[in-house]
Amino acid sequence: MSDHVHLMNLPEKARKLDEADVLRAKRADFVLDDTVYLDGNSLGALPAAVPGRMADVVAREWGRLRIRSWTESGWWTSPERIGDRIAPLVGAAPGQIVVGDSTSVNVFKALVGAARMAHAERDEIVVDATTFPTDGYIAESAARMTGRRVVAVDPSELRTAFGPRTAAALVNHVDYRSGRLHDLPGLTAAAHAAGALVVWDLCHSAGALPVGLDAHGVDLAVGCTYKYLNGGPGSPAFLYVREDLQPRFDSPLPGWNSHRDPFGMSPRYEAADGAPRGRVGTPDILSMLALEAALEVWDEVPIEAVRDKSLALTDFFLECVTAYLPAGRVESITPVPHAERGSQVALRCADAGEVMDALIARGVVGDYRRPDVLRFGFTPLYVSFADAERAARVLAEVISTR
Ligand SMILES: *Cc1c(COP(=O)(O)O)cnc(C)c1O
């Protein structure tokens with residue numbers, strides 16, 4: 001009986017939490033339907049401002065103004081302009097972020113750039129052993145190019161892994177599988193104490209939680225814009241190089257866009273000052289401007305409010321999972337303490353692939369990572385507490401019918 005009452009109360013609790021949600025009006029800024037979309041940690045939902053803006057970019061800026069748009073429509077300066085728009089979301093002052101190229105390419109630029117700033121006697125590049133594969137692959141190549149070797153370290157042991165041989169480290173802020181949040185301030189300080197530089201990968205934290213790049217003295221960082229920043233499929237990534245390191249940043253991809261005087265067409269390379277030094281070639285304008293329009297949803301949104309709602313959502317989802325599912329059918333691998341949790345919940349579950357297919361067929365979209373992990377991303381601008389409750393309820397139905 002008391003169990004029954006408890007179960008009945010969760011939809012009611014969801015309704016109350018949604019009523020009190022200070023971000024609830026933001027849902028109207030997105031194109032949503034009646035599915036519960038919990039895959040915004042892979043591809044963010046479409047912001048409603050994007051289609052109209054894209055129609056204008058294509059028909060007017062490209063169709064009519066053509067080449068004039070590089071100056072008249074601000075195309076040429078868009079990588080830095082949009083970088084400055086992302087900056088407050090990750091705690092960076094203007095002039096340190098440039099947008100362009102994929103995350104993978106920016107990991108390469110940042111890590112080789114960091115390694116080139118280190119003394120040659122420092123012969124190791126430290127990476128977190130649980131990293132998203134592309135970061136590990138690129139670290140291997142960066143190490144070979146700069147005459148170093150990669151040392152893969154479990155994130156729990158990173159703090160003591162930095163030493164006199166560490167040239168640079170590449171660390172994920174949030175683990176893409178488990179949703180574990182790593183200690184950015186503490187690990188950055190530990191690396192600095194050892195005389196090493198750290199490149200932070202913000203793919204699963206930018207737009208999900210406060211990062212505090214400047215406040216914590218982060219050296220370099222890269223991040224994705226098609227996840228929590230809703231920039232659209234394949235939207236360009238961003239690169240942060242701290243202002244005082246910019247003069248020492250020696251890009252391994254010094255394309256003409258990063259030249260001090262790109263239209264001087266000089267045969268001799270001279271790096272631009274500041275954030276443009278991180279550019280490579282001609283920016284991908286259509287994706288770039290879709291991202292710019294997508295970023296409008298962040299106007300007046302404090303990232304702290306996003307973090308508060310994110311934690312409330314993941315707490316509530318876990319509460320519903322515990323209430324609705326038979327004990328032992330799933331196991332959360334996402335840390336319980338808020339200080340160690342990003343904005344997703346990962347549940348280990350038998351037949352995870354088939355379970356996720358069944359969830360998607362019933363209108364609850366998450367994803368799964370082999371071999372046995374269900375991932376549910378919580379994007380506070382458009383996911384509601386009712387969504388969290390429904391996702392857990394449908395998961396319980398799917399699991400009980402298997
Ligand atoms: C999503 C993600 C990427 C994606 O890299 P792309 O070059 O955009 O394909 C890279 N690293 C991490 C940690 C990610 O989560």
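These questions and answers cover pockets, a helix, a strand and some backbone features of a predicted model.

Q: Which element supplies the largest share of the lining of the largest pocket?
A: The largest pocket holds about 370 Å³ of space. Its lining counts 19 residues, with Leu181, His182, Asp183, Leu184 and Ala339 nearest the centre. Two helices, α7 (158-161) and α8 (184-193), each give at least two residues. The largest share is three residues, and it comes from α8.

Q: How many residues of the lining of the largest pocket are charged?
A: The lining of the largest pocket is made of 19 residues. Ten of these are nonpolar and four are polar. The charged residues number five.

Q: What is the volume of the second largest pocket, and which elements give two or more residues to its lining?
A: The second largest pocket has a volume of about 260 Å³. Its lining has 23 residues, and Phe132, Cys203, Cys224, Tyr226 and Lys227 are the closest to the centre. The elements giving two or more residues are α5 (103-117) and α6 (133-145).

Q: How many residues of the lining of the second largest pocket are polar?
A: The lining of the second largest pocket includes eight nonpolar residues.

Q: Why is α5 described as largely enclosed, and which elements cover its buried residues?
A: Buried means under 20% relative accessible area. Twelve of the 15 residues of α5 are buried, so the rest of the structure largely encloses this helix. Among the buried ones are Phe108, Leu111, Val112 and Met117. The cover includes β3 (124-128), α6, β5 (166-172), β6 (197-201), β7 (220-223) and β8 (238-241).

Q: Which residues lie on each side of β8, and are they buried or exposed?
A: On one side of β8 are Phe238 and Tyr240. On the other are Leu239 and Val241. Both faces are covered, and these four residues are all buried.

Q: Which residue of β8 is the bridge partner of Val98?
A: Strand β2 (residues 97-99) pairs with β8 in the antiparallel sense. The pairing runs over three bridges. In β8, the partner of Val98 is Leu239.

Q: Which residue of β8 is the bridge partner of Gly223?
A: β7 also pairs with β8, in the antiparallel sense. Four bridges make up this pairing. In β8, the partner of Gly223 is Phe238.

Q: Where is Pro371, and what is omega for the cis peptide bond between Arg370 and Pro371?
A: Pro371 sits in the loop between β12 (367-369) and β13 (373-377). The bond that joins Arg370 to Pro371 is cis, with omega about 0 degrees.

Q: Is Met265 buried or exposed?
A: Met265 is not a glycine, yet its phi is positive, at about 50 degrees. Its place is the loop between β8 and α9 (285-294). Exposed means over 50% relative accessible area. Met265 has 56% relative accessibility, so it counts as exposed.

Q: Is Glu300 buried or exposed?
A: Glu300 has a positive phi of about 65 degrees, although it is not a glycine. The loop between α9 and α10 (303-324) holds Glu300. With relative accessibility at 81%, Glu300 counts as exposed.

Terms used: Residues are numbered from 1 along each chain as its sequence is written. This is a predicted model: local features need pLDDT of at least 70, side-chain atom pairs count only at pLDDT 80 or more; totals for chains, interfaces and linings use all residues. Side-chain values use heavy atoms; hydrogens and water are left out. On a 1 Å grid over the protein atoms alone, a cavity is a set of points where a 1.4 Å probe fits but cannot get out, and a pocket is an open set with protein on both sides within 12 Å along at least five of seven lines; lining residues have an atom within 4 Å of a point. Grid points are joined across faces, edges and corners, and a volume is the space filled by probe spheres set on the points. Ala, Val, Leu, Ile, Met, Phe, Trp, Tyr, Cys and Pro count as nonpolar, Asp, Glu, Lys and Arg as charged, and the others, Gly among them, as polar. Buried means under 20% relative accessible area, exposed over 50%, partly exposed in between (1.4 Å probe, protein chains only). Contact means heavy atoms within 4.5 Å. Two strands pair if DSSP finds at least two bridges between them.
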